[in-house]
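Please read them with the coordinates open.

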Amino acid sequence: MSSHSGREAGEESSETPNHDQVQRIIPESISGDCNENAPGGYTFLPPFWLEQVESTSEDLGQRLQAGENLSSGYVLAARRQTRGKGRMGAKWLTPEEGDLTFSFIYSIETAYHEVGTFPLACGLGVRDYLSGLGIAALCKWPNDLMVGEAKLGGILTEVVMRSGGTTLLVVGIGINLRHINGRDEELGRKTASLEALAGRKFLPEVELPAVLAGLQARLRQWRDIGHQVVVKEMRRYLWGMDKRFSARTREGAVEGRIAGLGENGELILQNQAGGIISVASVSALEEL
């Protein structure tokens, strides 16, 4: 994935995915809308499933860099991920028959400052899916899904290449489906799972079409209406408002309470002196 929420891997695997063993699954609830002529223009292609892969995002990134012709909307999912990608090189893996981990390709032609709001649209899409399950999740800027103080999922957006006015992104998403004893202790933070929250079991193949539907609606909104509406919506569902955080940026660490989002989706912190700090990118955001 991606910013997959899962268990941290102790060692890197040397295995590489075998694309001859990819299983193509076309869920009925998604396949009817998966065509280029659908209303709104953009749709996801039917997902490709791997039994095991090191990282769905790394797989797609390498194939794109090697010149493989993969369409925007291509979705790669894995039932098990041995070296999933998190922010700043964090490694994550999924348990056997476990969580939902997948990545997709998205090609955009838009102003560079608007690209920064794209992950927010993805976060809202996953939040909408969770809301449909009766789970009131909030979005921790820039890439986590939170229920209370516990992390339920994560999103990692990476720019793979730029050519002319086109930006090619790989987006990895992970959602904890199963309750795993010891996960909190292993990761050193509180985590949540759909199984524990909803009191029933979830299957990745069943949930992926619904997640893609939520993403599709929000990405169409982002593209067709504009990034401002996404920022406005994210302000409603922003996790950590008025809490104090330390944000590590390229220029160093800054501290302040979360005061909201700027017009381009940047995080706004207010320091103890009342000054306003605008943060567009962080390597870590830690509550104080």
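1. The structure holds one cavity of 30 Å³ or more, a cavity being a set of points on a 1 Å grid over the protein atoms alone where a 1.4 Å probe fits but cannot get out. The largest cavity has a volume of about 60 Å³, the volume being the space filled by probe spheres set on the points, with grid points joined across faces, edges and corners.

2. This is a predicted model, in which local features need pLDDT of at least 70 and side-chain atom pairs count only at pLDDT 80 or more, while totals for chains, interfaces and linings use all residues. Residues are numbered from 1 along each chain as its sequence is written, and side-chain values use heavy atoms, with hydrogens and water left out.

3. The lining of the largest cavity includes Pro 119, Leu 120, Gly 123, Cys 139, Lys 140, Trp 141 and Met 234, where a lining residue has an atom within 4 Å of a point. Helix α4 (118-132) and strand β7 (138-140) each supply at least two lining residues, and the largest share, three residues, comes from α4; helices (H or I, at least four residues) and strands (E, at least two) are DSSP runs numbered from the N terminus. By type, the lining divides into eight nonpolar, two polar and two charged residues, with Ala, Val, Leu, Ile, Met, Phe, Trp, Tyr, Cys and Pro counted as nonpolar, Asp, Glu, Lys and Arg as charged, and the others, Gly among them, as polar.

4. Five strands form an open sheet in the order β14-β13-β12-β11-β15, with antiparallel pairing, two strands being paired if DSSP finds at least two bridges between them. Because β14 (276-279) and β15 (284-287) stand at the edges with a single partner strand each, one side of each is left without a neighbour in the sheet.

5. Within this sheet, β11 (residues 244-249) and β12 (residues 252-261) pair over six bridges, and Ala 247 stands opposite Val 254 in β12; the two strands form a hairpin with two residues between them. Four bridges join β12 to β13, where Ile 258 has Leu 269 of β13 as its bridge partner. The hairpin of β12 and β13 has five residues between the strands, and Gly 265 in the turn has a positive phi of about 85°. Strand β13 (residues 267-270) also pairs with β14 over four bridges, and Leu 267 has Val 279 of β14 as its bridge partner.

Terms used
1 Å grid on protein atoms, 1.4 Å probe; cavity = no way out; pocket = protein on both sides within 12 Å on 5 of 7 lines; lining within 4 Å.
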